[in-house]
Structure formats: C-alpha cells, structure tokens
Amino acid sequence: MIAQFEQERTRLRAIAHRMLGSFAEADDALQDAWLRVERADTAEIENPAAWLTTVVGRVCLNMLRDRREHAFEMPDPVIEMGEEPEQQAVAKDQVGLAMLIVLDSLKPDERLAFVLHDMFAVPFDDIAPLIDKTPATARQLASRARKRVQDRPQPNVDLPKQREVVQAFLRASREGDLEGLVAVLHPDVVLRAGALEVIGGRTVAGRASLFRKYAAMAAVEFAVIGGEAGFVTRVDGVPFSIMAFTVRDGQIAAIHVIQDREHLRRLVAPRS
C-alpha cells in the first residue's frame, strides 16, 4: 500500500491543498496519512486509490476542525512563471485564488463534501461516513457549497486575452491614469489584499493608482496564478507582491493581492 500511496501522491496532495488551502499544511496532512497507512491492515482493501482518498480526506477534515479562530490568511495558489505564461500547459485541476478563498469560508463538512465529490468524483456513499452523515445529507452539503463557489467571479476569456487586460491595468497604474484604470475595471470589481476588501471600480482605481509610487523601482514578471493571469513584482530581486486577476468580458472583475513577506517567501523565490 505504501507503493500505491507514492503512486497516488500527486493526486492526494491536490486533494489536501483544496481542503486546506496551504501547501505546507497539505504536506503535513500527507505525512500524517502516510503514517496511518503504514500502521493499517490493508490486506483486504479492494480499491486502494479510493481508500487512500478517504484517509487523506479524514486527516484534512480533522485539521480543519482543529483550527482555531484566526485572522484571514490568503491561501496558496499554484504559480507558473515564464516569459510567455499563456503558452504554458495549465493543469486542469488548478484553482484560482477566488476559488480557494471561497473554499476557506466553507464549514469543514461542506468543504470536504464539495472537494471530494465535485473536484475528485468521490461518491457521496463514500463521503458520508467521513462526516458521520447520510449520503443525502452529504449531497446537500456539497450543493450548498457549490452555490457559494459558483457565485464567485470567474474568468470567461482565454489567457492571452486576460494578459492583454492585465497589461492595460499595469500600464494605467504606472501612468497614474485614473480614467484608464476605471475603463479596465468592472464597476463592481472586488480587490482583496489579506483582510482588506475594496469594492467598486473608482474606489479600486484610486488604490491601484498608488502602484505608480513604486513602479519605477519594481520589476514585474507576468505569471499564471491558479490558472489565471497575474504578475509578481520584485524590488531589488526580492518578491514584493503577487497580484492575480479575474477577467470577464474584457474587464477585471476581481483582484487578489499577496504582500505578506512570509507568504511570498513560501510561494516565489528571490532573484539575484
């Protein structure tokens, strides 16, 4: 079974990341699950992949339930760097920051039911025992979570078009062009930076125009962040911020910013 675990590790880590929103916690969950697998009697297990999924799911559920109340922390997105990130093969199971933030707002049982069923096709009959509910209740929990997930801003254009809009945003920000920013932002755009949330095109444009103050000394590298267009800024080679954008119909519907130094250190490496 240990060999099967290693074969399934990438998928199991993806499950843990969706459940916990943190790569470090996902790795901790896999270590815990590995120890449980090592101690378990697996001789009569007919479907090892399904069994391992439930083991990891149970570990993640316990971690979510044990979390104490804490200030909002931005989840960890998958970041792909490169000169032409829109040409890279983006993994189909990647999720954007907006999705991860919604997942982080769900109750543990809702999150488990939705992630396992909707993202990894685990039957409700297998999910129900993990949360001590009936399959019908597990279905209801997933449905409730699904509605909240579907209400989030979602991109409806391809990566090259997203990058064009992000470039227009960056150009207007650097020039301090308030009207240019308003034009590229949806009237109901949401900007989130840690616990800060700003709503509305002109309000967000006013904040974004402040980018001009450090744009001259910041190097910008475009990236694919959780499957969506964005960029990483660096000052003297040190990561300064990550900005991810959700683009709909040629306008930016959501902006997510990561500026916490420790979080940046975990996600992107400095450049010499």
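Student: If contact means heavy atoms within 4.5 Å, which residues in H1 meet which in H2?

Tutor: This is a predicted model, in which local features need pLDDT of at least 70 and side-chain atom pairs count only at pLDDT 80 or more, while totals for chains, interfaces and linings use all residues. Residues are numbered from 1 along each chain as its sequence is written, and side-chain values use heavy atoms, with hydrogens and water left out. On the H1 side the residues are Ile2, Phe5, Glu6, Arg9, Leu12, Arg13, Ala16, His17 and Leu20, and they meet Phe23, Glu25, Ala26, Asp27, Ala29, Leu30, Ala33, Trp34, Val37 and Glu38 in H2.

Student: At what angle do those two helices pack?

Tutor: Helix H1, residues 2-20, packs against helix H2, residues 23-39, at about 140 degrees, and their axes (lines fitted to C-alpha atoms over the stretch in contact, with angles from 0 to 180 degrees between N-to-C directions) are 9 Å apart. That makes H1 oblique to H2, a class left over once angles under 35, over 145 and 65 to 115 degrees are taken out.

Student: And how do the axes of H1 and H3 cross?

Tutor: The axis of H1 comes within 10 Å of the axis of helix H3, residues 48-66, and the two cross at roughly 35 degrees. Among the H1 residues in this contact are Phe5, Leu12, Ala16 and Leu20, and H3 brings residues including Pro48, Leu52, Val56 and Leu64.

Student: Switching to strands, is S5 covered or uncovered?

Tutor: Strand S5, residues 228-235, is mostly covered, since 8 of its 8 residues are buried, meaning under 20% relative accessible area with a 1.4 Å probe. Glu228, Gly230, Val232 and Arg234 point one way from the strand, whereas Ala229, Phe231, Thr233 and Val235 point the other way.

Student: So what does S5 pair with, and over how many bridges?

Tutor: S5 pairs with strand S4, residues 218-225, in the antiparallel sense over 8 bridges, and 6 bridges join S5 to strand S6, residues 238-248, again antiparallel; pairing needs at least two DSSP bridges, and the strands themselves are DSSP runs of at least two residues, against at least four for helices.

Student: Who stands opposite whom?

Tutor: Glutamate 221 is opposite valine 232 in S5, and valine 235 has valine 238 in S6 as its bridge partner.

Student: What about the turns in those hairpins?

Tutor: The hairpin of S4 and S5 has 2 residues between its strands, and glycine 226 in that turn has a positive phi of about 60 degrees. The hairpin of S5 and S6 also has 2 residues between the strands, and there aspartate 236 takes a positive phi near 55 degrees.

Terms used:
Contact means heavy atoms within 4.5 Å. Buried means under 20% relative accessible area, exposed over 50%, partly exposed in between (1.4 Å probe, protein chains only).
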